[in-house]
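Please examine the sequence and the structure shown below.

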Amino acid sequence: MLKPDPRPLAKVRPEVKDLVPEMVRMRRDLHRHPEPGFEEVRTAAKVAEWLAAGDAIRVRTGVAQTGIVADIGASAGPGPHVLLRADMDALRVQEENPHLDYCSVNPGVMHACGHDAHTAILIGVARILARHGSQMKGSVRLVFQPAEEGPGGAAPMIAAGVLTNPRPDAALGLHVWSSVPLGHAALRPGPIMAETAELHITVRGKGGHGAAPHETIDPIAAAAQFIVGLQSIVSRNVDPLDSAVLSIGKINGGSIMNAIADAVTLDGTMRNYLPETRALLERRLSELAAGLDRSFGTHTTVEITDRYPPVVNDPAMTAVARGVLTGLLGADNIRDDLRVMGGEDMAFYLQHVPGCFIFLGAGNSERGIDHPHHNPRFDIDEDVLPLGAELTLRLVEALQRT
């Protein structure tokens, strides 16, 4: 079991250390006042206010509704031009951390994934970069994005032009991660987070009296068999060295105990890393539905709605990031075995620009800070704030040297 490693904090530059109290204050302010996707009105206003305190930061508000873009350095001329991204939205989760004086005051909404930390880290980075903007080679664009948790803010931000004037040469993002201890990190080239899609399945039959099932076509029995069969797709069709998930999270059918329904709906999620795996899952779902209909006499439709593509780290950018992480955290504190079946719309930026997404440890089991993401008791070790800012600054500096 890895333990938190406080030693990298000694490598944080004085400029970052001086900003720690303010980054903590900003993070706690956002945590206390969380807002869900495309409703980050107060959040965006505070971010714009905090960015205005830094000299030489050009700020645009209202991008893709509630997004903010801040530019530092010369956008014209040779690069490198680097995009740094943080997400601002919270989850519709009721917080259960009453012992925290910064516990959410908005009922049913909580920063249960660390986006408050991402935002505070990036504002700290902006403040420091702005002090040295005149000496900067190229430019840095800081993207404060809405709605990562849904319905998705990256694609609207891209449509609003965040990848133009100038076009970034690199895109970087980090995610504080509670299952990775403070002072550790995880990254790898290639897919690191999954492609996500929604499943909407309807099984139509013929309703009737529960006492006369022979006069009906029972969609509930058929749907139950579909769910059982669905489990075999991953266990028996997907390469064991690959990864995929098919999960049904919602079932709706019937209205009374002694009547057989006309139809049943199933809603779920599909996750995979590779396009060939996605094609396999789609084909097998279609075949499963067809076989079900032949067996039960039902009519089954499978609708797949895309959410996010996989997060795919560029190998060259990952090599640069690994070098930076090694200098900051030490080689022994970097994992390359962590991949996550969760989705992340950082993926959209990385479809257009070579870049890297990093998991930065924010857990501390010794202090009871080890609840998983999206849990109502989620929190972070706030020492991750200076580490995140130092890491981001070093990444920008490394890219400017290339």
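R127 is buried, with a relative accessible area of 10%; buried means under 20% relative accessible area, exposed over 50% and partly exposed in between, with a 1.4 Å probe and protein chains only. R127 belongs to helix α3, residues 115-131. Helices (H or I, at least four residues) and strands (E, at least two) are DSSP runs, numbered from the N terminus. Apart from neighbours within four places in sequence, R127 is in contact with L19, E22, W50, A53 and G54, where contact means heavy atoms within 4.5 Å.

The model is predicted, so local features need pLDDT of at least 70 and side-chain atom pairs count only at pLDDT 80 or more, while totals for chains, interfaces and linings use all residues. Residues are numbered from 1 along each chain as its sequence is written, and side-chain values use heavy atoms, with hydrogens and water left out.

**Strands**

Strands of a sheet pair through backbone hydrogen bonds, either parallel or antiparallel. Here, two strands pair if DSSP finds at least two bridges between them. An open sheet of 8 strands, with mixed pairing, has the order β1-β2-β4-β3-β5-β16-β6-β15. Its edge strands are β1 (58-63) and β15 (334-335), each of which pairs on one side only.

Within this order, β5 stands between β3 and β16. Strand β3 (residues 81-87) is joined to β5 by 4 bridges, and the two run parallel; the bridge partner of L83 in β5 is A171. On the other pairing, β5 and strand β16 (residues 355-363) are parallel over 8 bridges, with F357 in β16 as the bridge partner of G173. Of the 12 residues of β5, 11 are buried.

With β13, β8 pairs in the antiparallel sense over 9 bridges, and L199 stands opposite I304 in β13. In β8, 7 of the 10 residues are buried.

**Pockets**

Rolling a probe the size of a water molecule over the atoms shows where empty space is left. On a 1 Å grid over the protein atoms alone, a pocket is an open set of points where a 1.4 Å probe fits, with protein on both sides within 12 Å along at least five of seven lines; lining residues have an atom within 4 Å of a point. A volume is the space filled by probe spheres set on the points, which are joined across faces, edges and corners.

| Pocket | Volume | Lining |
|---|---|---|
| Largest | about 550 Å³ | 24 residues |

In the largest pocket, E149, R271, G342, G343 and H374 lie nearest the centre. At least two lining residues come from each of β5 (170-181), β8 (195-204), β12 (263-272) and β13 (299-308), and β5 gives the largest share, 4 residues. This lining divides into 7 nonpolar, 11 polar and 6 charged residues. Ala, Val, Leu, Ile, Met, Phe, Trp, Tyr, Cys and Pro count as nonpolar, Asp, Glu, Lys and Arg as charged, and the others, Gly among them, as polar.
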